[in-house]
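The sequence and the structure come first.

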Amino acid sequence: MKNLTKKQKKHLRSLGAKAYETDLGRCIDKLFEKYTHWKNKEISVWDMNQYIHEYHDEISRNLYKSYTIDDPIFQVAFGIQTGAIKLEDVEESCLDEVKRILKYFEER
């Protein structure tokens, strides 16, 4: 990773936070769908409990790990990959580094 200016880091951290919030909201929406099925008696309370458990132990935890990584370029690249933010949201001064990490993700 190249040395980023304070302004670049601030921009990338802001985008990373936006992506995290968007992804987290998307996942909570899915959990809410399950809750609605439970309230409509379409699934059991045991199923609902399992969905909550999976959300907490897997989905939420994995998102947290992905977005709290110390490198803001990785946070932004991950957010772009998940569709939470767009490449067009990245300032020109940061674009090459983000594209480099996106290419790395694609190769894996």
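I85 is buried, with a relative accessible area of 4%; buried means under 20% relative accessible area, exposed over 50% and partly exposed in between, with a 1.4 Å probe and protein chains only. The model is a predicted one, in which local features need pLDDT of at least 70 and side-chain atom pairs count only at pLDDT 80 or more, while totals for chains, interfaces and linings use all residues. Residues are numbered from 1 along each chain as its sequence is written, and side-chain values use heavy atoms, with hydrogens and water left out.

I85 sits in the loop between α3 and α4. Helices (H or I, at least four residues) and strands (E, at least two) are DSSP runs, numbered from the N terminus. With neighbours within four places in sequence set aside, I85 is in contact (heavy atoms within 4.5 Å) with L15, K18, A19, V76, G79 and I80. From I85 to I101 is 16 residues in sequence and 15 Å in space, C-alpha to C-alpha.

## Nonpolar core

A nonpolar core is a set of buried Ala, Val, Leu, Ile, Met, Phe, Trp, Tyr and Cys residues joined through side-chain atoms within 4.5 Å. The largest one has 24 residues, of which L12, I73, V76, I80, I85, V90 and V98 touch the most other members. At least two residues of this core come from each of α1 (6–39), α2, α3 and α4 (92–107). The helix that gives the most is α4, with six residues. In soluble globular proteins, nonpolar side chains tend to be buried together.

## Helix packing

Axes are lines fitted to C-alpha atoms, for helices over the stretch in contact, and angles run from 0 to 180 degrees between N-to-C directions. Angles under 35 degrees count as roughly parallel, over 145 as roughly antiparallel, 65 to 115 as roughly perpendicular and the rest as oblique. A crossing is left-handed if the near helix is turned anticlockwise from the far one by less than a right angle, and right-handed if clockwise.

| Helix pair | Angle | Axis separation |
|---|---|---|
| α1 and α3 | about 40° | 8 Å |
| α1 and α4 | about 65° | 10 Å |

By these angles α1 is oblique to α3, whereas α1 and α4 are roughly perpendicular to each other. The α1 and α3 crossing is left-handed; that of α1 and α4 is right-handed. Q8, H11 and L12 of α1 make the contact with S93, C94 and V98 of α4. Towards α3, the α1 residues L12, R13, L15, G16, A19, D23 and R26 meet P72, I73, Q75, V76, F78, G79 and T82.

## Aromatic pairs

Six aromatic pairs are found in a search of the whole structure. Rings of Phe, Tyr and Trp (its six-membered ring) pair if their centres lie within 6.5 Å; planes under 30 degrees apart count as stacked, over 60 as edge-to-face and the rest as tilted.

Y67 and F78 form an edge-to-face pair, at 5.2 Å centre to centre and 75° between the planes. Y67 lies in helix α2 (residues 45–67) and F78 in helix α3 (residues 72–82), so the pair ties together parts that are eleven residues apart in sequence. Y67 is buried at 4% relative accessibility, while F78 is partly exposed at 22%. Together with Y20, these residues form one aromatic cluster.
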